Amino acid sequence: MKGLFQKDIYNLIQQGKSLLYIFVIFVVVFVSQGKADFFVPMWITMCIMLVTTSMSLDGIAKWDTYALTMPVTRTELVVSKYILGICLTLFGVLSSFCVLIGSNFILKNIEWKEALILLGVASGIGLFYLSIILPLLFKFGVEKARIFMMMGYLVPFIFIYGIAFLAKNSQIPIPEEAVIEEFLTKGIVMFPVIGLLCLGVSIWISIRIFQKIDK
């Protein structure tokens, strides 16, 4: 398992230069203008999407077929991708936190309570998204799964804007600001926990899918 994880990290390091460029662009465009609420979710999402890059590289090299000739089980191959995804999410959160510290030190433009809520919610949603895309990647492969991944991006936005539209144009009572703030404050812990629980179910599904695929 450790060797599989190290292999993935080594492959992703080779792609590190392009990721560094994206990171710098995000910091300059969003954080320098005080738009950390845009930077954090976009950067965490970029980090999570590296799992797709890893699986794409594996597909090109036909890694799974080769790996199964060694003393490596299908379960270990699946779990290693989930561990990679969790670590990349953590990297996205920690690097975002460091950027927020730097931004606040230079520009004094960070409201820390809101920033922590944003980190918690974004990481939880990221883990939830990961729990959806990984079974699709194991089932259909990277190329065929792209359309489902795009839908995975769009559906949450459509849902959120739909709720906002209905709340604005109907008689549905909107919760008081204090209630919303309390809910979001709990989300610092609640959203990541829910994301991890979804990952647990997702791992079971992915293992079942991968067991049935001929390699």
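Buried means under 20% relative accessible area, exposed over 50%, and partly exposed in between. Keep these cut-offs at hand for the exercises below, which use a predicted model.

**Exercise 1.** Classify Cys-47 and Cys-198 as buried, partly exposed or exposed, and state how many disulfides the model has.

*Solution.* Start with Cys-47: its relative accessible area is 0%, so this residue is buried. Next take Cys-198, where the value is 22%, so this cysteine is partly exposed. Finally, apply the cut-off for a disulfide, a pair of cysteine sulfur atoms within 2.5 Å. The count comes to 0 disulfides.

**Exercise 2.** Locate Lys-62, describe its phi and decide whether the residue is buried or exposed.

*Solution.* First, find the loop between helix H4 (50-61) and helix H5 (63-67); Lys-62 is found there. Then look at the backbone: phi of Lys-62 is near 50 degrees, a positive value in a residue other than glycine. For background, most residues other than glycine have a negative phi. Last, the relative accessibility of Lys-62 is 60%, so the residue counts as exposed.

**Exercise 3.** Which residues does Lys-139 contact, leaving aside neighbours within four places in sequence?

*Solution.* Begin in helix H7 (residues 112-169), where Lys-139 is found. With those neighbours set aside, Lys-139 is in contact with Ile-209 and Ile-213.

Definitions and conventions:
Residues are numbered from 1 along each chain as its sequence is written. This is a predicted model: local features need pLDDT of at least 70, side-chain atom pairs count only at pLDDT 80 or more; totals for chains, interfaces and linings use all residues. Side-chain values use heavy atoms; hydrogens and water are left out. Buried means under 20% relative accessible area, exposed over 50%, partly exposed in between (1.4 Å probe, protein chains only). Helices (H or I, at least four residues) and strands (E, at least two) are DSSP runs, numbered from the N terminus. Contact means heavy atoms within 4.5 Å.
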